[in-house]
Amino acid sequence: MTALAINSTVQANDLIIDFSELLKYPSQLLIKSWQKGISWKLNINGLDETYDYLEDAPIPLEFIETRENYHYWYNEIPQSIRNSVKRYKSIEFTVLYLTSRNDAAHEFFISQPTLFFLLINQARIEKWTESTFINRLQYKRTVLLKTCQLPEKRSVLKLIQKFDFKQYGKTEQDYMRRLVSLKNHAKLNHLQVIDESLAKLLCRYPELIATRLINNYQHNQWQQSIYVLLEDISRMAAQLGVMNIIQRVGQCNCVEQVEGIHDRLVDELNQQGPNSLPDVTYQQPPFVGTEHIVPITNTKDLAKEGKEQRHCITSYHSRIFNQQYYVYRITSPER
């Protein structure tokens, strides 16, 4: 969205963003300053359209943050609020409304931003009034967990503070709900932080909780490919009839050791030869190929490709057969 900003003549430090030139009819967004208590309304053709506190403003906060001529308004927001609210894009103006108008909300968001996020989402579902929301902030934190349909346990409250996502939305909320619902969720509290990659991994493989691998988790050292790596390991183990493979993975000290398990399974898989797969011709390739990009059209050639390249492509046989994947042999510019 683009817009033309004009200086506010209504009250000092309020922000007016004029959309008239963009929309070809009189339209302005007025956002009150932090000092007056942030709120927002649209004025379209002279008529005001107001917003409930649980509704977000028509523009993202980032739109304001990235434009220098809006900084007089943006910089009034305390830095502690600005730094934290960026990650809660779906509720950012609701947070600004509440924290600029109520000391209890301000203090709560600074100390428990993720629980605040969950409360706002619950308030939207149940359509709480503003006074109901503010009154709820006086409840014990564990009681608020129950309000958010979460287990009423201190271990859950502690765990929520461990989550450190780049942003918080529906996907991240689902990760949190799934992890705190596990019987052994308290064992995750030994970790310093739980980021998106780790949360996704643990939701897929909860049996890894409290294992050596997870306890040694280093976000900066782990590659994003760990999730794909474990999927490959699980698929190869199932094809080879290897039991308890994820438990074996959990005994690893680092990703390099996990890669070692993967490579050993690849070798074992490729040692089986073409007869380990049913003699099948795959569907017509979606791309006919070229001299150097050659479609692999049957299981014998698939097994040959896996053996030559020493990778796990033969474990994809079922997915290729079910038309989820197609495989090509690449010979140039490199094998």
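A crossing of two helices is called left-handed if the near helix is turned anticlockwise from the far one by less than a right angle. The legends below describe close-up views of a predicted model.

**View 1. Helix α14 crosses helix α16 in a left-handed manner.** The axes of α14 (residues 226-240) and α16 (residues 255-271) cross at roughly 35 degrees and come within 10 Å of each other. From α14, the contact is made by I226, L229, L230, D232, I233, M236, Q239 and L240. The α16 side consists of V255, V258, E259, I261, H262, L265, V266, E268 and L269. Sorted by class, the residues in this contact are 12 nonpolar, 2 polar and 3 charged.

**View 2. Buried residues of helix α12 pack against α11, α13 and α14.** Helix α12 spans residues 196-204, and its buried residues are E196, L198, A199, L201, L202 and C203. Their packing partners α11 and α13 cover residues 170-180 and 212-215.

**View 3. D195 lies at the start of helix α12.** Here a side-chain oxygen of D195 comes to within 3.3 Å of the backbone nitrogen of S197.

**View 4. The largest nonpolar core holds 103 residues.** In soluble globular proteins, nonpolar side chains tend to be buried together. Within this core, I64, W73, F93, F116 and F133 touch the most other members. Helix α14 gives the most to the core, contributing 8 residues.

**View 5. Surroundings of F116.** With neighbours within four places in sequence left aside, F116 is in contact with V95, L98, A105, F108, F109, F133 and L137. F133, listed among these contacts of F116, is also one of the core residues that touch the most other members.

Definitions and conventions: Residues are numbered from 1 along each chain as its sequence is written. This is a predicted model: local features need pLDDT of at least 70, side-chain atom pairs count only at pLDDT 80 or more; totals for chains, interfaces and linings use all residues. Side-chain values use heavy atoms; hydrogens and water are left out. Axes are lines fitted to C-alpha atoms, for helices over the stretch in contact, and angles run from 0 to 180 degrees between N-to-C directions. Helices (H or I, at least four residues) and strands (E, at least two) are DSSP runs, numbered from the N terminus. Contact means heavy atoms within 4.5 Å. Ala, Val, Leu, Ile, Met, Phe, Trp, Tyr, Cys and Pro count as nonpolar, Asp, Glu, Lys and Arg as charged, and the others, Gly among them, as polar. Buried means under 20% relative accessible area, exposed over 50%, partly exposed in between (1.4 Å probe, protein chains only). A polar contact is a pair of N or O atoms within 3.5 Å; within protein, one must be able to donate a hydrogen and the other to accept it, and residues adjacent in sequence count only if both atoms are side-chain atoms. A nonpolar core is a set of buried Ala, Val, Leu, Ile, Met, Phe, Trp, Tyr and Cys residues joined through side-chain atoms within 4.5 Å.
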